[in-house]
Amino acid sequence: MIPVLEIGGTHVTAALVDLRAGRVTGRTRKPLDADGDAEDILDVVRCCADGLSAPPGARWGVAVPGPFDYARGVALFKGVGKFDALYGTDIRAALLHGLRQRPGDFVFLNDAHAFLTGEWSAGTVRGHRRAVGITLGTGVGSAFLADGRIRDHGPGVPPEGRMDVTEIDGRPLEDTVSRRAILARYGDPAADVHDIADRARAGEGRARRVLDDVFTVLGAVLGPRLLDFDATALVVGGSMARSWDLVAPALSAGLATGGWTPDEPRVDAAPPPPRARRPRAMKPAGPAGDAALVGAARAVAVRDPG
């Protein structure tokens, strides 16, 4: 069993992963205030990790968003709307010396990379040679995978594989597609994204227009990159993917505008009709939400195959 942590903008999750059996157990999840003080954030992470029955000396996998020095385990968050208080903090040292179980070490990796690796190895895009993963929450995470490996360069891949630094009209993508961007555009300080989604389902035009515009733009930016990358699958995770009924139509329309038209999901068992191109799948994350945890465990297994 491999102990893992997934640190997000609104929560932290700890779990034990059995890669051979494909099981995630002992899961604990705690809310996290990404705008809090550094020690408060670290206390929540440590408390969550201490809830696991992990053996002393174990190597842990940790999925965490960027910007982050994954080799050293040092936070580099600055001007991204979350975890600003952690800038320059040695997270590896804080966890090595702060957990009751006394871990042996930590393997840090980008949370979007962990997510896509998990969905590719045991999730919704299993079997696809070339896939792209997007996580939608406090920001936009991204990963490009070919033949089981995350790619940070090549046709269609943005610098370092980061869609968040892609620009629209001279501004970063996250100025249009992110929790803060949606809230600013909607204009109700008392509403969060899930409230806007509920209002859109209830028929409020303004709420529906805001969400449609945001996810159509995302699709239009992604489409050409998926086409150049020769992706056959796009998987979307993060808190906003839970509103797939609202995300999917606008995202699909934007992707088609960008030249990458997803295939309609088939409900029968018949093979798809012949076509000039390979099928293209657009899917939400698996319902269990285990992908990033599995991906973090795989990173540990690769580092320590014994």
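I took helices (H or I, at least four residues) and strands (E, at least two) as DSSP runs, numbered from the N terminus. The model is predicted, so I noted that local features need pLDDT of at least 70 and that side-chain atom pairs count only at pLDDT 80 or more, while totals for chains, interfaces and linings use all residues. Residues are numbered from 1 along each chain as its sequence is written, and side-chain values use heavy atoms, with hydrogens and water left out.

Entry: the second largest pocket.
I looked up which elements line it, and found that strand E7 (105-110), helix H3 (111-122), strand E10 (149-151) and helix H8 (291-303) each supply at least two residues of the lining of the second largest pocket. H8 contributes the most, with 5 residues.

Entry: salt bridges.
I searched the whole structure for salt bridges (a side-chain nitrogen of Lys or Arg within 4 Å of a carboxyl oxygen of Asp or Glu) and recorded 18. Asp105 pairs with Arg59, their closest N and O atoms being 3.7 Å apart, and this pair links distant parts of the chain, since Asp105 is in strand E7 and Arg59 in strand E4 (residues 59-64), 46 residues apart.

I then turned to Arg185, which forms a salt bridge with Asp213 at 2.8 Å between the closest N and O atoms; Arg185 lies in helix H4 (residues 179-186) and Asp213 in helix H6 (residues 205-229), so the pair ties together parts 28 residues apart in sequence.

Arg201 and Asp198 also meet in a salt bridge (3.3 Å, N to O), and because they are 3 residues apart in helix H5 (residues 193-201), about one helical turn separates them. Last, I noted that Glu39, Asp43 and Arg46 are linked in a network of salt bridges.
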